[in-house]
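This briefing reviews the pockets and the aromatic pairs of one structure. Please consult the sequence and the model shown here alongside the points that follow.

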Amino acid sequence: MNNKFIKTQNVKRFISLMDNLQKAPPNVPKIALVHGEFGLGKSQAIMWWVTNNDAIYVRCNHKMSGRWLLSEIVEELDEIPYYQSSQLFNQIEEKMK
């Protein structure tokens, strides 16, 4: 069986979103939130895009606190998270530079 990623209409919209984010000026903050009903292919589209681009993927859930989210991002950047949220934010900012 040959696994092939099919670019559905939802995937094309997601690609368009990511292209627009990448084209935005460097001084404009960039983040995307993808949400929707189960089974629309959100996770598959994101994982496909992440593996084909220099990107960080952090999956969130409704129980995540702001600190938890920042810690997950720091870990994805191969750093050991600090305790305070402000320190976590600074870690992310320094690593992303």
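**Pockets and aromatic pairs**

The largest pocket is lined by 34 residues, and those nearest its centre are Ile31, Ala32, Ile56, Tyr57 and Val58. The model is predicted, and the space in this pocket comes to about 1700 Å³.

**Largest pocket**

- Four helices, α1 (9-23), α2 (42-51), α3 (66-76) and α4 (85-96), each contribute at least two residues to the lining of the largest pocket.
- Helix α2 provides the largest share of that lining, with five residues.
- Sorted by class, the lining of the largest pocket comprises 24 nonpolar, six polar and four charged residues.

**Second largest pocket**

- The second largest pocket has a volume of about 210 Å³.
- Its lining consists of 14 residues, of which Asn10, Phe14, Val34, His35 and Lys42 lie nearest the centre.
- Helices α1 and α2 each supply at least two residues of the lining of the second largest pocket.
- The most is given by α1, which contributes five residues to this lining.
- Eight nonpolar, four polar and two charged residues make up the lining of the second largest pocket.

- Phe5 is partly exposed, its relative accessible area being 26%.
- Trp48 likewise counts as partly exposed, at 23% relative accessibility.

**Edge-to-face pair: Phe14 and Trp49**

- Phe14 and Trp49 form an edge-to-face pair, with 6.4 Å centre to centre and 90° between the planes.
- Phe14 is located in helix α1 and Trp49 in helix α2, so this pair ties together parts that are 35 residues apart in sequence.
- Phe14 has a relative accessible area of 10% and is therefore buried, the cut-off for that class being under 20%.
- Trp49 also counts as buried, at 8% relative accessibility.

How values were computed: Residues are numbered from 1 along each chain as its sequence is written. This is a predicted model: local features need pLDDT of at least 70, side-chain atom pairs count only at pLDDT 80 or more; totals for chains, interfaces and linings use all residues. Side-chain values use heavy atoms; hydrogens and water are left out. On a 1 Å grid over the protein atoms alone, a cavity is a set of points where a 1.4 Å probe fits but cannot get out, and a pocket is an open set with protein on both sides within 12 Å along at least five of seven lines; lining residues have an atom within 4 Å of a point. Grid points are joined across faces, edges and corners, and a volume is the space filled by probe spheres set on the points. Ala, Val, Leu, Ile, Met, Phe, Trp, Tyr, Cys and Pro count as nonpolar, Asp, Glu, Lys and Arg as charged, and the others, Gly among them, as polar. Buried means under 20% relative accessible area, exposed over 50%, partly exposed in between (1.4 Å probe, protein chains only). Rings of Phe, Tyr and Trp (its six-membered ring) pair if their centres lie within 6.5 Å; planes under 30 degrees apart count as stacked, over 60 as edge-to-face and the rest as tilted.
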